[in-house]
Amino acid sequence: MSAPTVWRDLLSEVKGTRQRVTVHLYGGQSLKGVVVDVDDVNEVVVLDEYAHGSAVSAHESPVHTVALSAVQAVTVHRHE
């Protein structure tokens, strides 16, 4: 199983929930947010930076689209 497939499967499990994740990219950058979409065709994940409640689907805050091939690691944060 390739790395992008592993990240796609993991991120798909938390898609649409209020579960926050940090996506660590090759090169040292990381992005935090809530997964609002995982596009299997284009192999990208969409993170909403400040999503809470209904904003999870409304994209009411900064949205980042990340190619799964650029993902080095993913951290799924505990609910607090």
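The model is predicted: local features need pLDDT of at least 70, side-chain atom pairs count only at pLDDT 80 or more, and totals for chains, interfaces and linings use all residues. Residues are numbered from 1 along each chain as its sequence is written, and side-chain values use heavy atoms, with hydrogens and water left out.

The chain has 2 helices and 5 strands, in the order α-β-β-β-α-β-β along the sequence (helices are DSSP runs of H or I with at least four residues, strands runs of E with at least two, numbered from the N terminus). Of the 80 residues in the chain, 36% are buried (buried means under 20% relative accessible area, exposed over 50%, partly exposed in between, with a 1.4 Å probe and protein chains only).

Select residues 3-14, which form helix α1. These 12 residues reach 17 Å from the first C-alpha to the last, close to the 16 Å expected at 1.5 Å a residue (the expected span is 1.5 Å times one less than the number of residues). Within α1, highlight W7, R8, L11 and V14, which are buried. They lie on the same side of α1 because they cover an arc of only 125 degrees around the axis (the arc is that of the directions from the helix axis to the C-beta atoms). The cover over the buried residues of α1 includes β1 (20-25), β2 (30-39), β3 (44-48) and β5 (71-76). Just after α1, select G16, whose phi is positive at about 80 degrees.

Proceed to the largest nonpolar core, which has 15 residues; L11, V21, V35, V45, L47 and V71 touch the most other members (a nonpolar core is a set of buried Ala, Val, Leu, Ile, Met, Phe, Trp, Tyr and Cys residues joined through side-chain atoms within 4.5 Å). At least two residues of this core come from each of α1, β1, β2, β3 and β5. Centre on V45: beyond its neighbours within four places in sequence, its contacts include L11, V35 and L68 (contact means heavy atoms within 4.5 Å).

Finally, select T22 in strand β1. T22 counts as buried because its relative accessibility is 4%. Leaving aside neighbours within four places in sequence, T22 is in contact with residues including S30, V74 and H77.
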